[in-house]
Amino acid sequence: MSKEKSGVSRQLLTKEGAFTSDFEWPLTLLVDKGLDGAVTNKSRVGYVDGDKGRLIYQGYPVEVLAENADYEEVAYLLIFGKLPNEQEYVEFSQNLKANRKMPVEVVKIMDIIYDHEHSHPMSLLRTAVSVLGVLQKNVMDTSRENELRMGMHLIAILPTVIAALHRLRLGLKPVEPDLNLKHVENFLYMLHGKKPSARDARLLEISMILHADHGMNASTLTAVATSASLSDLYSSIVGAIGSLKGPLHGGANEVVLKEFLKIKSVDHVKEFVAEKAAKKEKIMGFGHRIYKTYDPRAAVLKKYASKLNDEVEMFKIAEVLDREVVAKYGSRGIYPNVDFYSGIIYRHLGFEINFFTTIFAAARVAGWLARILEYRAENRIFRPRDVYVGEFNKEFTVREKRP
Ligand SMILES: CC(C)(COP(=O)(O)OP(=O)(O)OC[C@H]1O[C@@H](n2cnc3c(N)ncnc32)[C@H](O)[C@@H]1OP(=O)(O)O)[C@@H](O)C(=O)NCCC(=O)NCCS
């Protein structure tokens, strides 16, 4: 067994080294942990250029979209492959608005199962989507038209669920959506019960645009792989939320902010980095499978986080940590990723730390849908293989005689 890449990520298995059986193996077999380098589809939805630090949605650089578009336009772009004209925009926005309201059953279930100490909002969100899928009609109709109908429902309703969970946690009643407000404005309105400032709505909108799609990452693969068995969209999104929750993926944004709080002041940053290095622990919010340079989304979020007067201390810690880690690990391609600066913005907007990843999910659902629809057009069920390195023909012993 040889390790060609770092750690255990790529293993070259040889017949002599790894296999002791009579089974016919090829002479050599490459195991790529984490499907590194595997290509699942041809896609027009988006492109992640890891060397140049570029992210493209349907041909447009993400920075240009973050600067000029709104979330509805970007969701439309990802799904339909073009920016909407005025009429398409109005229809799309109306459709989302019509889907915002949360069924009373979901609120009741969330209220019953919400254990304020132990329930993670991502687990509740995952459960809520599952319940929505139970309440939904015709989920197994896999026509594009029906998938789109359900996709609109999911894009529209995730903010409603998240805002309701936030309020239930605080012992407050959920706020009904305001159909006069745009998608992101309404999200913040349902969260705090008052219309947000234009600046805050725009901040969240920019962040949601930057999180809307990102290639065949872990949660997208989960969504697409679930859908490829011709399962229903709600099941795919339940799976995707479960995957996104992990701290190596979307869950990193929470851990990052908790670490800033632990560091407390810029004076302790060096010590924190040294401690992590000594323990051989990763520093959350850094590193990426594809980007080997600065994540373009982190650069945009950094710019906006730097302007928040109420988060000056947090930003200072982040900036120094960014500098220290890049100085130490930059030559190995480890730079801040999207989860590094986003939490500072979410905190400013009034989200609790353990809600951060739910915002990521509310944004990414458009990308999950776009990728599912794209894959479904030429669908094939997923079936990678693993390599059996166990024994063959073991002798069975009855339980009483087992050591
Ligand atoms: C994102 C991530 C999972 C990518 O993983 P990957 O492509 O499988 O890379 P690996 O985990 O195999 O790491 C490769 C090497 O870089 C190191 N590395 C990767 N991320 C690191 C980090 N954040 N801090 C320190 N070292 C890191 C690993 O220790 C490993 O070192 P080794 O070669 O000495 O074993 C990984 O960088 C990570 O865990 N980052 C922290 C979590 C995070 O921020 N996730 C959000 C991603 S948007």
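**Ground rules**

This is a predicted model, in which local features need pLDDT of at least 70, side-chain atom pairs count only at pLDDT 80 or more, and totals for chains, interfaces and linings use all residues. Residues are numbered from 1 along each chain as its sequence is written, and side-chain values use heavy atoms, with hydrogens and water left out. Helices (H or I, at least four residues) and strands (E, at least two) are DSSP runs, numbered from the N terminus.

**Stop 1**

Select residues 46–49, strand E4, and residues 60–61, strand E6. You now have an open sheet of three strands, in the order E4-E5-E6, with antiparallel pairing. Which strands stand at the edges? E4 and E6 do; each has a single partner strand, so one side of each is left without a neighbour in the sheet. Two strands count as paired if DSSP finds at least two bridges between them.

Now pick out facing residues. Val48 stands opposite Leu55 in E5. Ile56 stands opposite Pro61 in E6.

**Stop 2: turns and positive phi**

Select Gly53. The hairpin of E4 and E5 has four residues between the strands, and Gly53 there takes a positive phi near 70°. Next, select Gln58. The hairpin of E5 and E6 has two residues between its strands, and Gln58 in the turn has a positive phi of about 45°. Most residues other than glycine have a negative phi. Is Gln58 buried or exposed? Gln58 is buried, with a relative accessible area of 17%. Buried means under 20% relative accessible area, exposed over 50%, and partly exposed in between (1.4 Å probe, protein chains only).

Jump to Lys280. Its phi is positive too, about 55°, although Lys280 is not a glycine. The residue sits in the loop between helix H13 (269–278) and helix H14 (296–305). At 77% relative accessibility, Lys280 is exposed.

**Stop 3**

Select Thr160 in helix H7, residues 144–169. Thr160 is buried at 5%. Show its contacts (heavy atoms within 4.5 Å). Not counting residues up to four places away in sequence, Thr160 touches Arg100, Met102 and Met190.

Then select Ala201 in helix H9, residues 198–210. Ala201 is buried, with a relative accessible area of 8%. Leaving aside neighbours within four places in sequence, Ala201 is in contact with Val184, Glu185, Leu188 and Pro196. For scale, draw a C-alpha to C-alpha line from Ala201 to Pro384: the two are 42 Å apart in space and 183 residues apart in sequence.

**Stop 4: salt bridges**

A salt bridge is a side-chain nitrogen of Lys or Arg within 4 Å of a carboxyl oxygen of Asp or Glu. By this rule the count is 18.

Select Glu176 and Lys101, whose side chains meet at 2.8 Å, N to O. Glu176 lies in the loop between H7 and helix H8 (183–192) and Lys101 in the loop between helix H4 (86–98) and H5, so the pair ties together parts that are 75 residues apart in sequence. Both residues are exposed.

Select Arg371 and Asp213. This salt bridge is 2.6 Å, N to O. Arg371 lies in helix H17 (residues 356–377) and Asp213 in the loop between H9 and helix H10 (218–228), so parts 158 residues apart in sequence are tied together. Both partners are buried.

Arg202 is partly exposed at 24%, whereas Glu205 is buried at 7%.

**Stop 5: aromatic rings**

Rings of Phe, Tyr and Trp (its six-membered ring) pair if their centres lie within 6.5 Å; planes under 30 degrees apart count as stacked, over 60 as edge-to-face and the rest as tilted. The whole structure has 13 aromatic pairs. Select Tyr388 and Phe392: their ring centres are 5.0 Å apart and their planes stand at 85°, so the pair is edge-to-face. Tyr388 is partly exposed at 41%, and Phe392 is partly exposed at 32%.

End on Phe260, Phe286, Phe315, Phe340 and Tyr341, which form one aromatic cluster.
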